[in-house]
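Here is a friendly walk through a structure that may be new to you. Take a moment to look at the sequence and the model before reading on.

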Amino acid sequence: MRRNQWATLLVTASLWLSGPGFLTAQAPPPYARTLETYTVPDVVLVNQDGTKVKLKALLDSGEPVILDFIFGTCTTICPVLSAGYANLQTKLGTGPSKVHLISVSIDPENDTPKVMRDYLKRYRAKPGWDFLTGRREDIDKVMNAFNAYIPNKMSHYPLTLIRDPKTGKWIRIFGMMSSSEFVAECRKAGVL
Amino acid sequence: MSGWRSIPFLSRLLAGACGLLLLAAPAVAAPPAKPKAPGTVAGLPADKALALGERMYRLGILPSGESMPSVVNGDVPVEGTAFSCSSCHLRGGLGSWEGGIVTLPTNGARLAIPRYWKFPNLSPEERRELKLQNPAARPAYTDETLAHLLRTGRDPSGYDMHSVMPRYHLSDPDMAILIHYLRNLSARHSPGVVGDTLRFATVIAPGVSEDDQQAMLVPLNNYVARHNQFSAGFGNRMYLGVGGNEMSGAYRKLALSVWRLTGPPETWEAQLDAFLAKEPAFALLGGLAPGDWKPIHAFCERAQLPCLFPITDLPVVSDSDWYTQYFSRGYYQEGQAAARYLHGLEDSAPARKPVQVVQDSPEGKALAQGFRDTWAELGQTAVPEIPLPEGKPLALATLEELLAREKPSTVLLWTGASAFPALAALTNGATGAFLSARLLGSQLTSLPEPVRTQVWITYPYREPNLEPKHSLYADTLLGGLTQRHPETRISTRTYALVQILRQALMDMDRHFYRDNLLDRIGMQRDQILPDYLRLSFGPGQRYASKGCFIMQVGPGPSPSLIRKSEWVIH
């Protein structure tokens, strides 16, 4: 997958370099989409309410799940990913959420339940969006399990993982999505 | 206005690799500037507009009080209160680099001059002098082209910014206010930049021993001397650096003043004002005070003067203050760790009835406050607190009477080693106790042996057996200074400060603005340095070490510490 990511970067860079008119002015750069199988580690994390959460049970429940990796004081990528989550929740309406949105902290030392609550409040998150933190060792296990490990949080990358509830496989989106692309990917995965 | 023009391939490759989205489109002609009353912005006095613009930039709130609306990634609406300009461009406006996305500077000084692909930080005058004539990637911004960029994401050369940059839907008056703020943001170097020298100061309060002073001053002065020695022959590297890298342009000589305070703490702020007026400093480095750091913290907030890593265990604990960057929350953090550890015990029933015994001292009160705040945050009910006058040892009879009356499962003894004789009251085995390693100091290993299995210690540093390999380099560099009074950790903490400062000065480049210095520290990667298990940073994070171990004292006359917990953070 590392090779895939490099390939994605090269493809993306070459698209940028290919000159005018390739992309519309407002669209995000193209993202890479792959289908993956992951084994969720058996770790206990803590959510924004301070409640312990068994990640394996949460992700393997058969319910539609979307996962990303963020941190509370991130400058660029996480705010945009989170705006995507917030917008998806808005599109899903006010009824009981069909999709469980999960953000896993990659800065567990700073992202306490209080920090995570404040973060979700800023994005007007509705029930159905959980922000999880935990011991650094456990967070590392989760990042490794999803081939998303980064030793330094400042060098993380935009990643969204959508679990197909029928097959249990994960759609791995590397890059930024527009709102319409995000909805389309959710539909393809059968979570909407 | 310039139209789209071809860009040299290498420049485009560089931009692509940096994650800049280069899209070509004809530049849009700027609308004619509207006449405005002199000294006003959108009909408001300039200083009022500046304050409103700051609120827009930092908090994403419009002058009307509503959230700034914008769109990212083509069609994702975003509230300004979710994230604002300063989230990415940072408080100083010099931008950031994260996850392959470059956020360009948006401060007044940079907006006012053209941007170049190579050596973009040189001024047009410096470029002429150095005969660097490669064409500008974009011209200087006018108010009109800047407004166009903020609304459409397109710069005056026709390049579209990355789609993660919000496109703001602002009215003309709101736009004028935001632009007024950007024009004034980091527009002139901060005080303390004098010619080719960056001036720093360190504060020493009365009551600090000569040994402790030297433990901080020797590493600081060594660093300044070494830096100045190495940078003496740089010449043009003040401007150009090596191999096209302008980072070396950040080189300035350093100067360090020592501001020695006298008298009671309530007079310190006035003394600091006088020092600053006499010798403007860019930032304070380290600093020593035997008690509360609050007066110096308050001065720095008011003077908007960064204070980097004061050597204190009694910091001001705040979620919003900006100017002092601490190593940790000190004693407060140990109290927090005790609360989190007790709350997190699987068999939590016995932990439900703790009692705090609080010595009336700054340290005792900080420990108790940390426990109290965190215990409440965890949803627990308030616990009884027994005050203990300052300097008075905890008597055996007092503790026995407390245990009989409250029947606590745990007693948090926020007092020093003078409580050791009273610990005999714990020998019934029904009650555990917490003590602070920092408060016990070198007497930690004298804990009475019969109660060692019932006493938990909050220990805010790396495990002692693992420390030597992390301190070895500092020990060597400082010629054994760190071993003179290892329990104070003053010289090792100063060493850590120097390492972080060194990186921050390089990252700050030639943008000598105080907020930018703090922004650059906020963007540093985690550091593994002496004393603390890990120092981590982030924009606005002001306490670099965030955890604490819970230990027990092992058996024997020279006991080792036995780790009983992970690095407690939640």
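This is a predicted model: local features need pLDDT of at least 70, side-chain atom pairs count only at pLDDT 80 or more; totals for chains, interfaces and linings use all residues.

Residues are numbered from 1 along each chain as its sequence is written, while chains are lettered from A and ligands numbered from 1 in the order in which they are written.

Let's begin with the chains. The table uses a few terms. Helices (H or I, at least four residues) and strands (E, at least two) are DSSP runs, numbered from the N terminus. A residue is buried if 20 or more other C-beta atoms lie within 10 Å of its own, exposed if 12 or fewer, and partly exposed in between, with C-beta atoms placed from the backbone. Two residues are in contact if their C-beta atoms, again placed from the backbone, lie within 7 Å.

Read from the N terminus, chain A goes α-β-β-β-α-β-α-β-α-β-α-β-β-α.

Chain B comes with a domain assignment: domain 1 (9–184), domain 2 (193–328 + 469–505) and domain 3 (331–459 + 551–563). Such bounds come from an automatic or database domain assignment. Taken over C-alpha atoms, the centres of domain 2 and domain 3 of chain B are 34 Å apart. Their contact takes 7 residues from domain 2 of chain B and 8 residues from domain 3 of chain B. On the domain 2 side, these residues are 2 nonpolar, 2 polar and 3 charged. Here Ala, Val, Leu, Ile, Met, Phe, Trp, Tyr, Cys and Pro count as nonpolar, Asp, Glu, Lys and Arg as charged, and the others, Gly among them, as polar.

Now for a helix pair. How do α11(B) and α12(B) cross? The axes of α11 (residues 331–344) and α12 (residues 362–377) of chain B come within 7 Å and cross at roughly 40°. Axes are lines fitted to C-alpha atoms, for helices over the stretch in contact, and angles run from 0 to 180 degrees between N-to-C directions. The two helices, α11(B) and α12(B), are therefore oblique to each other; angles under 35 degrees count as roughly parallel, over 145 as roughly antiparallel, 65 to 115 as roughly perpendicular and the rest as oblique. Among the contact residues are Tyr331(B) and Ala338(B) of α11(B), along with Leu367(B) and Trp375(B) of α12(B). By class, the contact has 9 nonpolar, 6 polar and 3 charged residues.

Last, some loop residues. Asp313(B) sits in the loop between β14 (307–308) and β15 (324–325) of chain B. Is Asp313(B) buried or exposed? Asp313(B) is buried, because 23 other C-beta atoms lie within 10 Å. Leaving out residues up to four places away in sequence, Asp313(B) touches Gly330(B), Tyr331(B) and Arg438(B).

Phe309(B) also lies in the loop between β14 and β15 of chain B. With 24 C-beta neighbours inside 10 Å, Phe309(B) is buried, and its phi is near 50°, a positive value in a residue other than glycine. Most residues other than glycine have a negative phi. Asp509(B), in the loop between α16 (490–508) and α17 (514–522) of chain B, has a positive phi near 60°. Asp509(B) is partly exposed, with 18 other C-beta atoms within 10 Å.
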